[in-house]
2 protein chains.
Amino acid sequence: MHALTRLIFGSLLLTVTVCNGWLYGRFGERYQETDDVSLWPLPQKYQTTPTAFTLSANTFQIVHAKDSSAGPSCSLLQNAFRRYFIYIFDYVKKHRADQDKVSDTEMTELQVQITSTDPECDGYPSLKTDESYQLSVNQPTAVLKASNVWGALRGLETFSQLVYEDDYGAITINKTDVSDFPRFAHRGILLDTSRHFLPLKVILANLEAMAINKFNVFHWHIVDDNSFPFLSRTFPDLSQRGAYHPYTHVYTPADVKMVIEFARMRGIRVIAEFDTPGHTQSWGKGQANLLTPCYSGSTPSGTFGPVNPILNSTYEFMTSFFKEISTVFPDAYVHLGGDEVDFSCWKSNPDIQKFMEQQSFGQDYSKLESYYIQRLLDIVKATNKGYMVWQEVFDNGVKLKADTQIHVWKEKPDYNSEMAKITAAGFHALLSTPWYLNRISYGQDWQGIYKADPQSFNGVCSIMLYIRTFFDSSGTAEQKKLVIGGEACLWGEYVDATNLTPRLWPRASAIAERLWSNENVKDVGSAYTRLIKHRCRMLRRGIPAEPLFVGFCPHEYDSL
Amino acid sequence: MHALTRLIFGSLLLTVTVCNGWLYGRFGERYQETDDVSLWPLPQKYQTTPTAFTLSANTFQIVHAKDSSAGPSCSLLQNAFRRYFIYIFDYVKKHRADQDKVSDTEMTELQVQITSTDPECDGYPSLKTDESYQLSVNQPTAVLKASNVWGALRGLETFSQLVYEDDYGAITINKTDVSDFPRFAHRGILLDTSRHFLPLKVILANLEAMAINKFNVFHWHIVDDNSFPFLSRTFPDLSQRGAYHPYTHVYTPADVKMVIEFARMRGIRVIAEFDTPGHTQSWGKGQANLLTPCYSGSTPSGTFGPVNPILNSTYEFMTSFFKEISTVFPDAYVHLGGDEVDFSCWKSNPDIQKFMEQQSFGQDYSKLESYYIQRLLDIVKATNKGYMVWQEVFDNGVKLKADTQIHVWKEKPDYNSEMAKITAAGFHALLSTPWYLNRISYGQDWQGIYKADPQSFNGVCSIMLYIRTFFDSSGTAEQKKLVIGGEACLWGEYVDATNLTPRLWPRASAIAERLWSNENVKDVGSAYTRLIKHRCRMLRRGIPAEPLFVGFCPHEYDSL
């Protein structure tokens with residue numbers, strides 16, 4: 001049994017004495033230790049007590065507070081109320097309808113109060129969304145306050161995590177206060193639906209798991225070299241010819257809408273990635289002349305390289321294509337990729353060589369890459385979208401909009417110096433390097449994943465040091481503010497519907513806490529204890545999260 | 001498209017010209033390439049042709065041949081007929097009852113002929129079981145011959161693997177002859193139900209997958225330090241107190257019976273392992289005085305070590321316990337463990353020290369271990385069971401029955417020299433060292449798994465070289481005959497119901513082929529092509545086998 005009462009306030013972790021009056025303020029209140037409670041990710045501030053209340057599926061309600069700006073017409077919240085009601089009471093085998101008696105220590109209501117004028121019921125979450133919430137669990141009514149529905153969703157998750165079964169199976173919650181907000185605004189998971197197609201069911205289940213872990217970005221790496229499962233209305237041949245199968249292995253517009261709406265209901269943004277000019281082999285199957293013909297000596301070899309950057313038709317295609325993308329995906333950002341461009345095919349092509357001469361690029365093909373990316377960025381900018389790019393685009397010196405987000409993934413140079421460099425240049429940065437969850441090894445690799453931190457870099461990078469001296473000394477803090485978060489990446493070479501979910505969870509949960517909780521929450525031992533229980537909770541909610549180590553859950557996963 | 005006709009005969013792989021008469025002997029026969037067929041493990045000898053027959057769920061039957069010694073009362077075969085009928089026709093969405101017409105090229109029957117007097121319908125497979133079969137697929141009747149039901153099961157699996165859907169969705173099989181038998185008699189999978197409890201459903205599904213891969217031994221590492229889920233009728237407290245939970249996390253006698261019968265129906269032996277004297281922490285919870293009390297200085301520390309080898313009560317317990325085990329598990333062998341005994345607790349205990357003196361063991365605690373094992377082996381021998389032990393028991397020089405099987409698992413010394421040493425001493429050996437499938441790494445590790453071979457050692461080991469010169473020079477061949485096979489081990493530290501099945505398959509399939517097919521079948525490229533299809537076949541049969549690499553299956557796994 002751990003400390004009965006905890007106060008975690010920012011970087012402080014104090015065990016405080018609970019005054020008797022508070023503990024035993026009401027005759028008949030039960031005294032219950034909260035061994036079964038395990039919050040994940042850990043809230044920024046919370047205070048719990050041994051005073052326990054019971055909840056009955058017959059009487060307990062989640063309702064809109066009187067002074068909430070949201071009401072029953074807010075279907076996002078209504079859906080969330082239902083979801084969390086089921087999570088809380090799924091243990092209950094049958095409802096005893098004859099039991100009307102309300103016990104002394106029963107909690108009958110959770111009131112949800114949205115405080116801002118616009119609850120954003122029909123909106124989409126964004127990078128600037130306020131996800132904070134305050135939760136006060138007390139008898140007879142618990143109150144959850146948030147300025148909008150997004151914070152309410154996070155608070156409902158926390159509320160449901162506070163509920164446990166006592167030794168007699170009674171659904172129980174302890175008197176608790178929580179004040180919570182995320183450390184980082186961008187907390188993402190990348191899934192790759194090109195190397196293996198992922199059935200819709202798998203994507204939705206993982207969105208559900210994301211919500212349980214307070215992730216808020218689904219980075220949908222939807223197409224790549226291997227297949228093009230996105231059905232474009234403008235260019236249907238892309239999937240007709242580029243998908244593994246034109247009917248069974250594609251995401252139709254209805255499928256994509258469903259993913260976006262399912263995600264929205266859980267406060268999750270969907271950021272689609274259409275990676276160019278490399279990683280585009282599958283695009284070439286359904287779009288003639290898009291890719292560069294490679295040459296063997298003086299004749300075309302029949303194979304193709306990256307997107308052909310020297311044809312106007314390429315930019316016309318991209319203009320139409322990204323116009324469609326900008327309407328299909330409501331998020332303010334689109335991920336444009338830009339990683340791992342192989343220059344060998346460009347080098348082999350005489351037309352490209354001629355163009356390089358004309359542009360005075362010499363033999364520097366990264367200039368050609370930048371030329372392409374620059375034109376692409378202008379095209380996307382015209383659709384009023386912001387963009388995310390992999391770090392190469394920044395490294396190659398492409399001119400970027402101020403709000404561009406640079407996605408750090410490479411192992412060399414080390415990610416700390418890269419994060420420093422990007423933020424020193426004033427750009428938003430997000431980290432994935434230590435979080436390539438496709439890479440597996442034997443043992444408890446979640447610990448290394450848990451320890452990595454997007455703000456572990458040391459202020460300005462060396463090359464900026466000189467410049468910095470002309471400004472104030474707050475450079476470091478300013479830089480760290482530019483870190484918007486990170487993403488777990490699960491590249492698809494070795495995962496599909498058979499093994500993706502247990503490979504992702506609970507390893508991604510480690511990242512969830514890193515990105516949500518206070519930076520001082522980093523004790524691996526405490527995390528282990530909580531994460532074991534959190535994993536069992538995910539099992540209980542139908543997510544086949546794999547075990548951390550030897551042990552068991554009261555209710556094992558019962559499928560294959 | 002590969003060679004249309006193949007003859008694989010032992011180490012020969014010849015492309016032969018098929019004479020026209022054979023190919024087109026019958027007017028109306030269809031010519032169909034067999035791109036979709038992918039046999040796994042590869043039969044010892046087979047010859048297939050482009051002549052294709054169709055099968056209809058309305059007319060096709062699997063029947064007992066007239067001169068078979070087995071008939072409809074052989075429920076093992078009746079069950080297998082049903083299972084393979086469903087595998088073959090699960091593609092068919094509905095049966096068109098109005099279609100009575102039999103086409104010219106239809107195959108309507110598979111006759112199963114058991115040739116020996118006793119078909120062994122109600123028996124159990126054993127180490128000496130003849131699993132060979134001959135399969136002749138021709139119109140209008142295919143014939144499967146085997147001396148007993150066990151060979152018939154293997155042949156039914158092969159028959160089902162020969163069936164494919166042609167381009168128009170017709171269920172098709174090509175004229176083919178197969179003559180097949182396993183290279184090794186012992187082809188096992190170890191599952192560990194102690195570190196994590198595995199629900200019955202998971203065990204049964206993996207037995208199903210084993211049959212699809214022609215594995216024939218389920219090594220049930222049923223108890224260990226962490227939990228004791230085996231419900232013993234004689235000592236019910238062992239699971240009552242030693243299981244993770246006395247009701248939800250135990251295998252009742254009925255459960256164990258079901259596992260054994262489910263396995264038997266698939267030609268799989270169930271060999272239970274009750275590992276002592278180490279790995280027994282969970283035994284101590286329900287059996288007082290079984291484990292050695294550890295001392296801290298001159299007082300008991302409250303912790304316990306391995307089984308206490310100096311008390312008569314220990315051997316009385318073991319006698320009763322293994323008497324029960326010998327009746328619960330019908331197999332002729334029981335695995336007695338004997339690995340990784342930690343001597344520190346024994347060393348700390350003054351009673352043990354006194355006993356060591358009395359026995360003149362000096363400070364050599366491996367002598368004490370051997371003393372225990374020797375007495376245990378005598379106890380088990382009295383139950384008329386053979387035994388398997390981990391290699392330490394052999395390494396420590398314990399006196400073993402001639403039919404003892406030594407299980408090689410350690411990385412040092414290298415397994416080749418250990419296999420050589422064991423077989424030079426005349427004992428049966430089986431290999432697991434390269435097949436610890438719990439160990440994972442990023443990438444296509446199935447290739448290394450596939451390449452390992454239990455007979456890769458070089459004849460006699462050095463220390464036996466002198467002795468050998470007194471005998472004939474066939475020592476090496478004689479030694480290799482003593483290799484009975486191998487086992488894939490999936491230890492349970494990091495696997496449970498959530499991730500076990502995809503972690504095991506198709507990686508264990510690589511071992512299946514190594515242990516069944518001819519030793520010359522070792523081309524990784526050919527294996528890759530077939531294994532990809534075999535993996536898709538497992539998906540189709542409901543086994544969530546993970547992908548080898550980028551790609552897709554026509555029918556993806558549709559659960560979580």
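Modeller: Buried here means under 20% relative accessible area, exposed means over 50%, and partly exposed lies in between. Keep in mind that we're looking at a predicted model.

Colleague: Got it. Does R507(B) count as buried or exposed?
Modeller: The cut-off for buried is under 20%. R507(B) has a relative accessibility of 5%, so R507(B) counts as buried.

Colleague: Which residue meets the side chain of R507(B) in a salt bridge?
Modeller: A salt bridge needs a side-chain nitrogen of Lys or Arg within 4 Å of a carboxyl oxygen of Asp or Glu. For R507(B) the N to O distance is 2.9 Å, and the partner is D445(B).

Colleague: And how many residues apart are R507(B) and D445(B)?
Modeller: R507(B) is in helix 18 (residues 507-516) of chain B. D445(B) sits in the loop between strand 19 (428-431) and helix 14 (446-451) of that chain. The pair links distant parts of the chain, and the separation is 62 residues.

Colleague: Which helix holds E261(B) and R264(B)?
Modeller: These two form a salt bridge, with their closest N and O atoms 3.0 Å apart. E261(B) is partly exposed at 32%, while R264(B) is buried at 5%. They're three residues apart, about one turn, and both lie in helix 6 (residues 253-264) of chain B.

Colleague: Over which ring does the charged end of K401(A) sit?
Modeller: K401(A) already meets D403(A) in a salt bridge at 4.0 Å, N to O. K401(A) is buried at 18%, whereas D403(A) is partly exposed at 29%. The charged end of K401(A) is also 5.1 Å from a ring centre, and that ring belongs to Y387(A).

Colleague: How far from the ring centre of Y87(A) is R541(A)?
Modeller: For a charge to sit over a ring, NZ of Lys or CZ of Arg has to be within 6 Å of the ring centre. R541(A) lies over the face of Y87(A), and the distance is 3.9 Å.

Colleague: Now the aromatics. Are the rings of W40(A) and Y450(A) stacked or tilted?
Modeller: The whole structure has 80 aromatic pairs over all chains. In this one the ring centres are 6.1 Å apart. Planes under 30 degrees apart count as stacked and over 60 as edge-to-face. Here the planes are at 35°, so the pair is tilted.

Colleague: How many residues apart are W40(A) and Y450(A)?
Modeller: W40(A) is buried at 0%, and Y450(A) is buried at 0% too. W40(A) is in the loop between strand 3 (30-31) and strand 4 (45-54) of chain A, with Y450(A) in helix 14 (residues 446-451). The separation is 410 residues.

Colleague: How are the rings of Y244(A) and F552(B) arranged, stacked or tilted?
Modeller: Y244(A) is in the loop between helix 5 (237-242) and helix 6 (253-264) of chain A and F552(B) is in the segment after helix 19 (524-540) of chain B, so this pair joins two chains. Y244(A) is buried at 17%, but F552(B) is partly exposed at 33%. With centres 4.7 Å apart and planes at 20°, the pair is stacked.

Colleague: What kind of axis relates the two copies?
Modeller: Chain B goes onto chain A with an RMSD of 0.0 Å, using a turn of 180° and a shift of 0.0 Å along the axis. The copies are thus related as by a two-fold rotation axis.

Note on methods:
Residues are numbered from 1 along each chain as its sequence is written. Chains are lettered from A and ligands numbered from 1 in the order in which they are written. This is a predicted model: local features need pLDDT of at least 70, side-chain atom pairs count only at pLDDT 80 or more; totals for chains, interfaces and linings use all residues. Side-chain values use heavy atoms; hydrogens and water are left out. Rings of Phe, Tyr and Trp (its six-membered ring) pair if their centres lie within 6.5 Å; planes under 30 degrees apart count as stacked, over 60 as edge-to-face and the rest as tilted. Helices (H or I, at least four residues) and strands (E, at least two) are DSSP runs, numbered from the N terminus. Buried means under 20% relative accessible area, exposed over 50%, partly exposed in between (1.4 Å probe, protein chains only). A charge sits over a ring if NZ of Lys or CZ of Arg is within 6 Å of the ring centre and within 35 degrees of the ring normal. Copies are superposed by least squares on the C-alpha atoms of residues with pLDDT of at least 70 in both.
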